[in-house]
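Dear colleague,

Please find below the structure that I am handing over to you. My notes on what was found in it follow directly after it.

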Amino acid sequence: MNPSMAPPLSTLSPSTMAVSHFPLSKPFYPKPTSSTSSPSLQCHSSISEQLRPLSLSLLKDTPAHGESAHSKPTWLNPTKSKPNVISLVRHRKTKPTSNGNPQSLLLNPTLLQTLVSIPDSDKYLFFSTLTEAFPSPPSDDDVLFLLNSLYRHPKKSILLLEWLKESSFQLETIFYNLVLKSLRNTRQWDQIDRIASDMLHHGPQPDNITFSTVISAAHKCQRFEKAIEWFDMMYSAGVIPDEVTFSAILKVYAILGKKEEAIILYERGRATGWKPDHVAFSVLGKLFGDAGDQDGMLYMRDEMKRLNIVPNVVVYNTLINGFGRAGRPNIAKELFEEMCKLGVNPDERTLTAIFKIYGKYKRTHDAMDVWARMKENRWPMDQILYNTILTMCADLGMESEAEKIFEEMKQSYKCLPDKWTYSVMIKLYCRRSKSDCAWKLLFEEMPQRNLQPDVTCYTSLIDCLGKEGRVDDVVAAFESAMETVPSQIDDQLCCCLLSTMARCKDEMQMNAILACIEKASPMLHSLICMLWNESIGFDEIKKSFRELLSKAPINVRRPYCNCLIDMCTFRPGFPSDRPRELFHLGNIYGLYQGLQTQRLSEWSVDLRRLSLGAARAALDDWLESVAEAVEDSERLPPQFRIFTGYGLDRFKSALPNYLEGYLSDAGAPFHKSEKMAGSFVAEKADLLQWLHGQGILTVDVSEIL
DNA sequence: CTAGGGTTAG
């Protein structure tokens with residue numbers, strides 16, 4: 001590095017000095033106490049005034065947390081001068097707008113086309129063309145015009161720069177900045193790194209625009225560590241970042257999930273007197289939102305109020321999304337209503353966010369309300385919003401509304417249904433057991449519109465057909481998937497095949513599905529064969545099961561296990577202890593956590609989210625654990641309860657009905673609870689006697705009772 | 001693109 005640039009601020013490298021003087025394990029912000037802003041701050045902008053809320057919030061808690069009682073928050077000590085981590089004035093663009101009259105264009109209107117048409121490798125031709133076009137040196141405006149025009153041709157931008165250098169043209173920072181931007185567009189990180197380093201060592205001096213361009217380029221090229229390196233280098237190069245550069249690096253921290261670093265930087269900026277703008281707040285909002293950090297988002301809201309900043313639509317969008325993701329639909333709704341009231345018009349992304357939330361949290365009423373206001377106020381619409389609304393309809397079971405919107409899309413000219421739209425509609429129909437409608441969309445309409453279905457379309461349909469027992473159609477749909485999307489076939493689809501298998505009526509159907517599974521997943525096929533084979537022991541099953549599960553995504557593991565248990569429970573031909581073995585394995589791999597609860601007054605098992613076979617295995621398992629507790633002389637509660645859930649529709653009532661039958665067939669002393677719908681209870685004495693009668697409990701019950 | 005930074009979908 002050029003020693004002449006050795007700066008007084010070289011010790012101030014934010015990411016290496018990112019040692020906080022307050023405990024980072026605690027949130028840096030206090031819990032928001034009230035939502036009112038401090039009126040005393042409204043008409044002041046002196047640094048001490050601006051620091052006040054910060055110092056209050058930071059210093060107050062620190063000693064209380066113990067571990068840092070003796071540390072000095074250097075940044076906030078008003079007796080020392082504060083280091084400038086951020087320049088409070090934005091870098092001024094030296095060049096106003098050019099007068100739009102580059103000589104070159106007047107002299108030679110085809111010059112640009114000529115330059116573009118020259119092969120990148122023909123440096124000689126490129127240079128001689130330029131030399132011919134500019135017998136005297138080009139003006140700054142000429143160069144700017146050319147560089148801007150060569151934005152999409154980064155190699156030629158560099159050649160132009162080289163030519164200028166050779167022509168002893170006075171090169172200014174702005175020219176390099178434009179070349180860097182051009183390189184960023186095509187993500188050529190190494191070139192960018194090289195040119196920017198060259199600037200550092202040989203000039204022209206990089207400025208904030210240079211650094212922000214380099215940082216955002218590193219971001220775009222996924223070279224996040226480089227982004228941080230370059231940011232740190234600014235201080236040693238004597239360039240104090242302004243708020244644009246700040247936002248750029250905060251964004252990088254956000255992507256890396258470096259919340260603490262972002263907070264430290266933000267705070268230091270604030271301590272310097274920075275008043276963050278909307279972009280900074282939207283970056284931080286996204287950061288906290290992704291981290292599910294509600295307090296962070298609330299603190300931001302508070303900061304904006306303190307600074308008298310009304311969030312713009314982007315900031316609102318990040319917050320609404322963030323609170324939705326953090327499981328706070330009410331706060332999201334509040335923000336949405338607040339922005340409407342303040343006259344900040346919601347855009348497509350706002351509405352996408354809010355409908356997604358209303359769908360997820362089953363807010364049908366709120367959704368319909370926004371839908372009506374949308375039409376009334378002619379709020380904007382786009383494809384993603386349409387598809388999100390359809391997804392919401394699917395979640396809320398609003399079939400006829402979805403059909404109406406689907407038709408509306410077909411009529412529209414700019415939001416025609418795409419494959420996402422179809423996938424949502426297929427899912428919606430499948431959830432409502434309308435496999436014929438789904439079939440028609442998948443096999444007729446999509447091909448007509450030249451849309452390629454993805455695997456999820458097939459998976460939905462196969463699942464639905466399987467539940468309807470239409471095994472031949474399952475096979476047909478699977479064959480079609482094998483033909484069109486063979487590489488996409490995944491565990492989720494296999495799981496649906498497996499669940500179909502558990503419902504097969506006869507051996508012929510079983511074999512048909514088994515043949516599909518063999519093509520889709522040889523590993524699953526071999527596990528099924530092993531389960532069938534009586535001579536295969538637990539350890540071998542375990543090994544194969546583990547192999548299957550470890551390769552499957554987490555969300556499919558439990559369904560896999562459920563389906564396997566169902567198959568072994570309800571299909572003839574499997575050894576009788578397979579369901580329990582599989583349930584045991586599922587427990588080993590943490591698939592069935594939290595089913596059992598023990599309170600002093602009651603022990604219970606929650607079977608509500610299990611498949612029929614898995615529920616039965618879990619129930620048997622629970623009853624055995626009660627027997628074991630008796631044998632271990634544990635203290636027992638007076639009452640035992642089984643949660644089965646209750647359902648009004650056929651689908652949801654399957655499990656309670658099945659378990660009720662199972663309990664009564666076994667003569668178990670559980671009866672429907674009157675106080676708590678969806679559960680069965682038994683008294684201790686009745687249960688123990690019955691367990692004894694079943695041979696599950698071997699000790700003499702009368703002694704205990 | 002007009003020298004730099006921000007938010008949406010199973």
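Which residues do ring pairs link into a cluster? They are Phe231, Tyr235, Phe246, Tyr266, Trp274 and Phe281. Rings of Phe, Tyr and Trp (its six-membered ring) pair if their centres lie within 6.5 Å; planes under 30 degrees apart count as stacked, over 60 as edge-to-face and the rest as tilted.

Please note that this is a predicted model, in which local features need pLDDT of at least 70 and side-chain atom pairs count only at pLDDT 80 or more, while totals for chains, interfaces and linings use all residues. Residues are numbered from 1 along each chain as its sequence is written, chains are lettered from A and ligands numbered from 1 in the order in which they are written, and side-chain values use heavy atoms, with hydrogens and water left out.

Aromatic pairs

The structure holds 20 aromatic pairs. In one of them, phenylalanine 169 and phenylalanine 175, the ring centres are 6.0 Å apart and the planes stand at 55°, so the pair is tilted. Phenylalanine 169 is buried (under 20% relative accessible area, against over 50% for exposed and partly exposed in between; 1.4 Å probe, protein chains only), at 14%. Phenylalanine 175 is buried as well, at 0%. For phenylalanine 231 and phenylalanine 246, a centre distance of 6.2 Å and planes at 65° make the pair edge-to-face. This pair links helix 10 (residues 224–236) to helix 11, its members being 15 residues apart. Helices (H or I, at least four residues) and strands (E, at least two) are DSSP runs, numbered from the N terminus.

DNA strand B

There are 49 residues around DNA strand B, of which Ser247, Lys251, Asn317, Arg349 and Ser423 come nearest; a residue is near if one of its heavy atoms lies within 4 Å.

Strand 3

Four of the five residues of strand 3 (residues 639–643) are buried, so this strand is largely enclosed by the rest of the structure. Strand 3 pairs (at least two DSSP bridges) in the parallel sense with strand 2 (residues 602–606) over five bridges. Five bridges also join strand 3 to strand 5 (residues 679–683), in antiparallel fashion.

With kind regards
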